Amino acid sequence: MKVIVTGGAGFIGSAVCRLLAGQKGCKVLNLDKLTYAADLRTVEVVSGRRNYSFVQEDICNKSSIERVFEDFQPDAVMHLAAESHVDRSIDGPAEFIQTNVVGTFTLLEVVREYFNRLDDVAKRVFRFHHVSTDEVFGTLGNEGLFTEETPYAPNSPYSASKAGSDHLVRAWHYTYGLPVIISNCSNNYGPYQFPEKLIPLMILNILHGKKLPVYGSGLNTRDWLYVEDHAEALFTILTKGKVGERYNVGGCNELSNLDVVRKVFDTVTALVPETGCHSFDDVVEFVSDRPGHDWRYAIDPTKIRTELGWTPKHNFDAGLLQTVKWYIAHRDWWEPILKNKYSGERLGKGSVE
Ligand code: NAD
């Protein structure tokens with residue numbers, strides 16, 4: 001199976017590339033523009049393999065993407081390339097519309113023309129797997145779960161742009177017969193996550209003796225999944241999922257942001273007592289809320305569990321311990337990022353202050 005992974009130098013895409021490159025009979029081409037969020041060190045362990053290659057391209061650039069398809073002749077596309085940070089989408093939504101909506105449209109058009117030229121056997125095998133987020137469903141109250149039938153109600157520029165891309169993918173299936181599958185996943189965490197996201201930001205702040213900013217009351221709730229479990233879910237969906245279907249992916253690890261930050265604090269300070277941080281209450285700092293901050297996300301993963309047999313291998317405490325140990329051991333990975341790309345400042349305040 002020859003697979004193009006878009007966004008394969010990012011957090012989740014790189015976990016997918018590492019997983020695919022380890023599969024027998026699999027050939028993977030990582031197609032990535034290399035934005036600020038990308039890092040080729042995330043795929044260093046597979047970069048020397050004969051079944052792995054990389055090409056730097058923008059999914060918005062149709063003629064270049066066409067050439068890549070002609071050269072590689074994929075059996076499948078796993079589409080993860082996106083602008084992915086909600087706070088950045090509040091500060092500058094244009095890039096999100098460009099990559100997530102226009103880029104997905106451009107890619108779908110390339111895939112449609114490529115698919116139409118395949119013979120019948122290759123057409124039966126071909127898949128376009130679109131990787132999306134549970135944020136497209138908007139917010140839950142204190143009760144209930146997102147199922148595959150939950151109506152879309154995105155509230156941030158990021159989730160609206162992802163919802164737009166999901167709708168395009170669905171339409172290309174119904175209108176043009178493109179063999180697509182869509183998956184919507186909850187919040188991921190794990191090694192190689194860019195330090196603007198909650199868990200790595202908190203780990204690094206604790207290691208540096210800095211305050212731990214928590215939005216609003218800290219009671220907004222998310223459902224957390226270890227990134228390698230997500231990568232395995234995506235591989236399961238690609239190889240066993242039904243064309244035209246959608247699958248919700250989640251870890252059933254619902255936690256408030258405040259509980260997540262407290263668990264990160266306990267885990268880091270237990271492993272590195274010399275941080276000098278002894279009391280959580282001394283370091284936590286409640287800051288003005290994110291505009292449009294969704295209250296709660298929680299996934300009902302019944303369909304992927306019962307129909308495809310996927311279950312996550314990590315509960316939150318085990319995954320967090322692995323993640324914290326990884327960040328402690330990989331200063332060489334994140335120190336240059338803090339120095340050159342992002343130094344922990346608050347993003348996405350909008351018009352609140
Ligand atoms: P990320 O920001 O870490 O990585 C995104 C990658 O896409 C980067 O390597 C970047 O260079 C690349 N990219 C951006 N614009 C591009 C373009 N125009 N052309 C080619 N490549 C481009 O994101 P992530 O957290 O790994 O998320 C990957 C996908 O999974 C996204 O589609 C996101 O919406 C979805 N998702 C993320 C989460 C999460 O918790 N992180 C949860 C569910 C779904």
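I will start with the whole chain, then turn to the ligand, and finish with the pocket.

First, a caution: this is a predicted model.

The chain has 13 helices and 12 strands. Its radius of gyration is 20 Å, close to the 20 Å that the globule rule gives for 353 residues, so the chain is as compact as a globular protein of that length. If you want dimensions, the C-alpha trace spans about 65 × 45 × 40 Å along its principal axes.

Now the ligand. How many residues surround the ligand? The count is 28, and the closest are Ile-12, Asp-32, Ser-84, Tyr-158 and Lys-162. By class, that shell is made of 13 nonpolar, 10 polar and 5 charged residues.

Next, where these residues come from. Four elements each supply at least two residues of the shell: helix 1, residues 11-21; strand 5, residues 127-133; helix 6, residues 157-176; and strand 7, residues 187-189. Which element gives the most to the shell? That is strand 5, with 3 residues.

Several backbone atoms come up when we look at polar atoms of the ligand. A polar backbone atom of Ile-12 is 2.7 Å from a ligand oxygen. Ile-12 is also listed among the closest residues of the shell. Asn-188 has a polar backbone atom 2.8 Å from an oxygen of the ligand. For Lys-33, a backbone N or O atom lies 3.1 Å from a ligand nitrogen. As for how covered the ligand is, taken alone it exposes 840 Å², and the protein buries 96% of that area.

The one I want to show is the second largest pocket, with a volume of about 200 Å³. It is lined by 13 residues, and those closest to its centre are Glu-148, Arg-170, Ile-182, Gly-244 and Arg-246. Two or more lining residues come from each of helix 6 and strand 6, the latter being residues 180-185. Helix 6 gives the most to this lining, with 4 residues.

Definitions and conventions: Residues are numbered from 1 along each chain as its sequence is written. This is a predicted model: local features need pLDDT of at least 70, side-chain atom pairs count only at pLDDT 80 or more; totals for chains, interfaces and linings use all residues. Side-chain values use heavy atoms; hydrogens and water are left out. A residue is near a molecule or strand if one of its heavy atoms lies within 4 Å of it. A polar contact is a pair of N or O atoms within 3.5 Å; within protein, one must be able to donate a hydrogen and the other to accept it, and residues adjacent in sequence count only if both atoms are side-chain atoms. Accessible areas come from the Shrake-Rupley method with a 1.4 Å probe; for residues, only the protein chains shown count as cover. Ala, Val, Leu, Ile, Met, Phe, Trp, Tyr, Cys and Pro count as nonpolar, Asp, Glu, Lys and Arg as charged, and the others, Gly among them, as polar. On a 1 Å grid over the protein atoms alone, a cavity is a set of points where a 1.4 Å probe fits but cannot get out, and a pocket is an open set with protein on both sides within 12 Å along at least five of seven lines; lining residues have an atom within 4 Å of a point. Grid points are joined across faces, edges and corners, and a volume is the space filled by probe spheres set on the points. The radius of gyration is taken over C-alpha atoms; the globule rule is 2.2 Å times the number of residues to the power 0.38.
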